[in-house]
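Keep the viewer open alongside the text.

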Amino acid sequence: MVKSWNDRLNTPGINGVKPSPRTFADVIEDQPMLVPTARQVDDFIRTIPNGVDMDVRALRTALAIEHGAEVTCPVTIGYHLRTVAEAANEDLERGMTLNDIAPFWRVLDTKTPTTKKLSFGTAFVAAQRKREGLKP
């Protein structure tokens with residue numbers, strides 16, 4: 001059976017800070033790297049105030065600092081941002097309000113590669129960013 005996005009969001013992950021196994025993207029081998037759970041990413045996004053945006057790199061830096069690491073795994077964050085957005089969309093479809101879901105559009109804009117993968121397209125992200133006065 002295929003898990004819903006909310007199931008994926010709430011799957012307890014093995015997270016924590018570990019030395020990076022290799023140098024990739026902006027991560028240096030042996031650097032203390034946070035491998036977050038989807039729930040940690042969701043919880044952090046919920047703390048970003050209305051009308052404030054934060055790009056993925058800034059999110060990764062802030063999460064790392066919050067958890068005592070130097071960097072956040074760029075691969076894991078990509079997966080989890082999609083999970084957070086898709087789970088939020090499921091919640092909206094079930095009748096929750098915008099105030100009840102993680103405001104993922106404060107991190108994902110219409111140009112972010114993750115946004116292009118969303119099952120519900122980029123128009124919703126663009127509309128929410130416009131509503132909050134953020135650049136598309």
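Helices are DSSP runs of H or I with at least four residues, numbered from the N terminus. This is a predicted model. By that count, α3 is followed by Gly68, which has a positive phi near 75°.

**Nonpolar cores**
- The largest nonpolar core holds 26 residues.
- Val41, Ile45, Leu59, Leu63, Leu81, Val84 and Phe104 touch the most other members of this core.
- Two or more core residues come from each of α1 (5-9), α2 (38-45), α3 (56-66) and α4 (74-93).
- α4 gives the most to this core, with six residues.
- Another core, of six residues, lies apart from the largest one and includes Phe24, Val27, Met33 and Val71.
- In soluble globular proteins, nonpolar side chains tend to be buried together.

**Val41**
- Beyond its neighbours within four places in sequence, Val41 is in contact with Pro36, Leu63, Ile77, His80, Leu81 and Val84.

**α2 against α3**
- Two packed helices are described by the angle between their axes and the distance between the axes.
- For α2 and α3, the angle is about 105° and the axes are 11 Å apart.
- Angles of 65 to 115 degrees count as roughly perpendicular, so α2 is roughly perpendicular to α3.
- On the α2 side, the contact is made by Gln40, Val41, Phe44 and Ile45.
- On the α3 side, Leu59, Ala62, Leu63 and Glu66 make the contact.
- Six residues of this contact are nonpolar, one is polar and one is charged.

- Which residues of α3 are buried? They are Leu59, Arg60, Leu63 and Ala64.
- An α-helix has 3.6 residues a turn, so residues three or four places apart point the same way.
- The face turned away from the buried side of α3 carries the exposed residues Arg57 and Ile65.
- The cover over the buried residues of α3 includes β2 (32-35), α2, β3 (71-72) and α4.

**Thr37**
- Thr37 lies in the loop between β2 and α2.
- Is Thr37 buried or exposed? Thr37 counts as buried because its relative accessibility is 12%, and the cut-off for buried is under 20%.
- Leaving aside neighbours within four places in sequence, Thr37 is in contact with Gly13, Asn15 and His80.
- His80 is also among the contacts of Val41.

Technical notes: Residues are numbered from 1 along each chain as its sequence is written. This is a predicted model: local features need pLDDT of at least 70, side-chain atom pairs count only at pLDDT 80 or more; totals for chains, interfaces and linings use all residues. Side-chain values use heavy atoms; hydrogens and water are left out. A nonpolar core is a set of buried Ala, Val, Leu, Ile, Met, Phe, Trp, Tyr and Cys residues joined through side-chain atoms within 4.5 Å. Buried means under 20% relative accessible area, exposed over 50%, partly exposed in between (1.4 Å probe, protein chains only). Contact means heavy atoms within 4.5 Å. Axes are lines fitted to C-alpha atoms, for helices over the stretch in contact, and angles run from 0 to 180 degrees between N-to-C directions. Angles under 35 degrees count as roughly parallel, over 145 as roughly antiparallel, 65 to 115 as roughly perpendicular and the rest as oblique. Ala, Val, Leu, Ile, Met, Phe, Trp, Tyr, Cys and Pro count as nonpolar, Asp, Glu, Lys and Arg as charged, and the others, Gly among them, as polar.
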